[in-house]
Amino acid sequence: MTLFILFQTDIWKSNASRVFFGVFDNRIKAIDCAKYHGLYSNATEVVIEEVTLNLCEECQ
């Protein structure tokens, strides 16, 4: 199962500046949440990271 993690960050997208906003089951819901909460601006960026749930790299 694929999940999408929503972060707000600075314009350089550094990991140290990431602020967690939620986990979603599809990218469209994550984008809608970012728009609803006004996470897009001139000084910030939105990062949506795709992760796979229940995946064991050693098992494959």
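Modeller: Start with the surface. This is a predicted model, and the accessible surface of the protein comes to about 4,500 Å². Carbon and sulfur atoms account for 54% of that area.

Colleague: How many residues does the protein have, and what share of them counts as buried?

Modeller: The protein has 60 residues, and 30% of them count as buried. The C-alpha atoms fill a box of roughly 45 × 25 × 10 Å along the principal axes.

Colleague: What is the mean pLDDT of the protein?

Modeller: The mean is 92. A pLDDT of 70 or more is reached by 97% of the residues. Among the elements, helix H1 (residues 27-36) has the highest confidence, at 97. Strand E3 (residues 44-52) has the lowest, at a mean of 94.

Colleague: In what order do the elements run from the N terminus?

Modeller: The order is β-β-α-β. That gives 1 helix and 3 strands.

Colleague: Which contacts should I look at for the fold?

Modeller: Look at sequence separation. Take contacts between residues at least 6 apart in sequence. Of these, 52% join residues at least 24 apart.

Colleague: Where is Leu53 found, and which residues does Leu53 touch beyond four places away in sequence?

Modeller: Leu53 sits in the segment after E3. Beyond four places in sequence, Leu53 touches Met1 and Leu3. Leu53 has 37% relative accessibility, so Leu53 counts as partly exposed.

Colleague: Now the aromatic residues. How many aromatic pairs are there?

Modeller: The count is 1 aromatic pair. Phe7 and Phe20 have ring centres 6.2 Å apart, and their planes meet at 70°. Planes over 60 degrees apart count as edge-to-face, so this pair is edge-to-face. The pair links distant parts of the chain. Phe7 lies in strand E1 (residues 2-10) and Phe20 in strand E2 (residues 19-24), 13 residues apart.

Colleague: Is Phe7 buried or exposed? And Phe20, buried or exposed?

Modeller: Use the cut-offs: buried is under 20% relative accessible area, exposed is over 50%. Phe7 is at 14%, so Phe7 counts as buried. Phe20 has 52%, so Phe20 is exposed.

Colleague: Last item, charge. How far apart are the mean positions of the positive and negative charges?

Modeller: They are 8 Å apart. The protein has 5 positive and 8 negative charges.

Terms used
Residues numbered from 1 in each chain as written. Predicted model: local features only at pLDDT ≥ 70, side-chain atom pairs only at ≥ 80, totals over all residues. Heavy atoms only, no water. pLDDT = per-residue confidence, 0-100. Helix = DSSP H or I, 4+ residues; strand = E, 2+ residues; numbered from the N terminus. Buried < 20%, exposed > 50% of the residue type's maximum accessible area, 1.4 Å probe, protein only. Contact = heavy atoms within 4.5 Å. Areas by Shrake-Rupley, 256 points an atom, 1.4 Å probe, with all protein chains shown as cover. Lys, Arg positive; Asp, Glu negative; His and termini not counted. Charge placed at Lys NZ, Arg CZ, Asp CG, Glu CD. Phe/Tyr/Trp six-rings, centres within 6.5 Å; stacked < 30°, edge-to-face > 60°.
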